Amino acid sequence: MNILVTGGCGFIGTNFIYFMLHENSHVIVNLDKLTYAGNPENLISVEERYGGKNYFFEKGDICDRETVQNILNKYDIDIIVNFAAESHADRSISAPDQFIDSNIHGTYTLLEMARKSGIKKFVQISSDEVYGSLGSEGVFQENSALAPNSPYAASKASADLLCRSFYKSYNLPVSTIRCSNNYGPFQFPEKLVPLTFLRAREDRSVPVYGDGSNIRDWIYVSDNCRGIYLCIEKGRPGAVYNLGGDAEYKNLDVVKKILDVMGKSHKLIKFIQDRPGHDHRYAIDHSLAAKELGFKPGVRFTEGLELTINWYLKNEEWVDGIKSKESSELMQSWYR
Ligand SMILES: NC(=O)c1ccc[n+]([C@@H]2O[C@H](COP(=O)([O-])OP(=O)(O)OC[C@H]3O[C@@H](n4cnc5c(N)ncnc54)[C@H](O)[C@@H]3O)[C@@H](O)[C@H]2O)c1
């Protein structure tokens with residue numbers, strides 16, 4: 001199959017491309033605009049090994065119809081997996097415009113071009129953030145109400161509704177994945193896990209929003225990639241699948257665990273003013289994905305954190321490259 005992966009130079013897209021080329025013999029075309037979060041260096045070894053054979057890179061914007069149309073024709077694309085998005089909720093609060101463009105208009109453009117080209121499968125990568133916030137009880141199920149609280153979450157929920165409408169109105173075979181917080185190699189250091197690691201590595205203070213009691217479910221990125229692949233293989237058109245890691249932790253406990261793995265003092269933790277509209281708790285019921293796709297998270301949280309930290313430690317060149325991109329503002333307080 002010829003698969004168009006959008007946003008393949010970002011964190012999850014990169015991991016997905018490695019996963020697909022390692023485990024399967026598909027042709028992957030990566031369309032990425034290369035925003036601050038897109039790093040072509042992530043895929044240097046893919047370029048070396050598969051470039052011009054099973055792997056092709058195209059720089060471009062998913063909002064641009066002509067670009068998308070040309071790629072669908074040029075590579076005779078069968079399947080689209082849409083990772084491309086502005087992904088950082090904090091940024092969406094200070095500057096929502098780009099989130100509306102890429103996440104809503106971009107998804108719409110891909111859907112429209114997919115419909116016209118007769119695509120066999122479209123997988124939309126969404127987020128558990130579309131459901132809003134939980135109290136101390138309960139879990140998100142696929143039929144839970146959409147109640148997004150940040151412009152980021154609202155843009156992802158809007159894209160999900162467009163996907164639904166293209167399935168209902170045009171029978172476009174769209175399946176949607178709503179995954180929880182991913183962590184693992186290649187994550188841009190505005191997000192909690194790499195931010196904590198990079199700052200602690202230099203014995204700088206590690207920021208924690210509010211009192212750190214916000215709870216997230218954490219999924220190791222390779223488990224998410226496997227779930228997405230299972231969705232390509234077995235996902236029902238029109239279906240939404242939650243993917244989670246069975247690992248609910250308070251942000252403060254995540255930070256402490258990272259410091260423990262690194263052998264660093266908890267004294268590095270610095271509590272900072274909470275962000276507006278910070279959702280209290282996310283929790284995922286992924287039993288539908290277990291039943292219909294055979295999905296099961298395989299990496300336990302502590303093991304995944306160790307894998308992640310070891311990866312960052314072994315890939316100093318990548319870390320230094322990313323650090324040169326970072327602004328001091330980024331490293332101060334932005335993480336999801
Ligand atoms: N990271 C998580 O924990 C998480 C959790 C749930 C859902 N998601 C979703 O998964 C997807 C991937 O997330 P990520 O963490 O890898 O994001 P990321 O920010 O690391 O990467 C996004 C990629 O998309 C590209 N991109 C952005 N706008 C584009 C456009 N208009 N055209 C083409 N390319 C564009 C960027 O250059 C970048 O390479 C996103 O849709 C995000 O909403 C992420």
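**Figure 1. Salt bridge between Asp61 and Lys33.** In this predicted model, the side chains of Asp61 and Lys33 form a salt bridge, with an N to O distance of 3.7 Å. Asp61 belongs to the loop between strand S3 (55-59) and helix H3 (65-74), and Lys33 to the loop between strand S2 (27-32) and helix H2 (44-50), so the contact ties together parts that are 28 residues apart in sequence. Asp61 is partly exposed, at 22% relative accessibility. Lys33 is also partly exposed, and its relative accessible area is 31%. The structure holds 16 salt bridges, and the Asp61 and Lys33 pair is one of them.

Figure 2. Glu112 and Lys116 are joined by a salt bridge in which the closest N and O atoms are 3.5 Å apart. An α-helix has 3.6 residues a turn, so residues three or four places apart point the same way.

Figure 3. The closest N and O atoms of the salt bridge between Asp320 and Arg201 are 4.0 Å apart. This pair links distant parts of the chain, 119 residues apart, with Asp320 in helix H12 (residues 316-325) and Arg201 in helix H7 (residues 192-201). Asp320 is partly exposed, with a relative accessible area of 39%. Arg201 is likewise partly exposed, at 24% relative accessibility. Asp320 and Arg201 belong to a network of salt bridges that also links Glu202, Arg204 and Glu316.

**Figure 4. Burial of helix H7.** Of the 10 residues of H7, 9 are buried, so this helix is largely enclosed by the rest of the structure. The buried residues are Leu192, Val193, Pro194, Leu195, Thr196, Phe197, Leu198, Arg199 and Ala200. Arg201, also in H7, is partly exposed. Just after H7, Asp203 has a positive phi of about 55 degrees.

**Figure 5. The shell around the ligand.** The ligand is surrounded by 29 residues, of which Ile12, Asp32, Ser87, Tyr152 and Lys156 are the closest. At least two residues of this shell come from each of helix H1 (11-23), strand S5 (121-127), helix H6 (151-170) and strand S7 (181-183). Strand S5 supplies the largest share, 3 residues. The space that the ligand takes is the largest cavity.

**Figure 6. Backbone atoms next to the ligand.** A backbone N or O atom of Phe11 is 3.0 Å from an oxygen atom of the ligand. A polar backbone atom of Lys33 lies 3.1 Å from a nitrogen atom of the ligand. The side chain of Lys33 meets that of Asp61 in the salt bridge of Figure 1. For Ile125, the distance from a backbone N or O atom to an oxygen atom of the ligand is 3.5 Å. On its own the ligand has 840 Å² of accessible area, and the protein covers 99% of this.

Figure 7. Most residues other than glycine have a negative phi. Asn171, which is not a glycine, has a positive phi near 60 degrees. Asn171 is located in the loop between H6 and strand S6 (174-179), and is exposed, at 57% relative accessibility. Phe186 is not a glycine either, and has a positive phi of about 75 degrees. Phe186 is located in the loop between S7 and H7. In contrast to Asn171, which is exposed, Phe186 is buried, at 12% relative accessibility.

**Figure 8. Position of Pro297.** Pro297 lies in the loop between helix H10 (287-293) and helix H11 (301-314). Its relative accessibility is 14%, and Pro297 therefore counts as buried. Pro297 and Leu31 are separated by 266 residues in sequence, and by 28 Å in space from C-alpha to C-alpha.

Technical notes
Residues numbered from 1 in each chain as written. Predicted model: local features only at pLDDT ≥ 70, side-chain atom pairs only at ≥ 80, totals over all residues. Heavy atoms only, no water. Helix = DSSP H or I, 4+ residues; strand = E, 2+ residues; numbered from the N terminus. Buried < 20%, exposed > 50% of the residue type's maximum accessible area, 1.4 Å probe, protein only. Near = heavy atom within 4 Å. Polar contact = N/O pair within 3.5 Å; in protein donor to acceptor, adjacent residues only side chain to side chain. Areas by Shrake-Rupley, 256 points an atom, 1.4 Å probe, with all protein chains shown as cover. 1 Å grid on protein atoms, 1.4 Å probe; cavity = no way out; pocket = protein on both sides within 12 Å on 5 of 7 lines; lining within 4 Å. Sits in = over half its atoms within 2 Å of the grid points.
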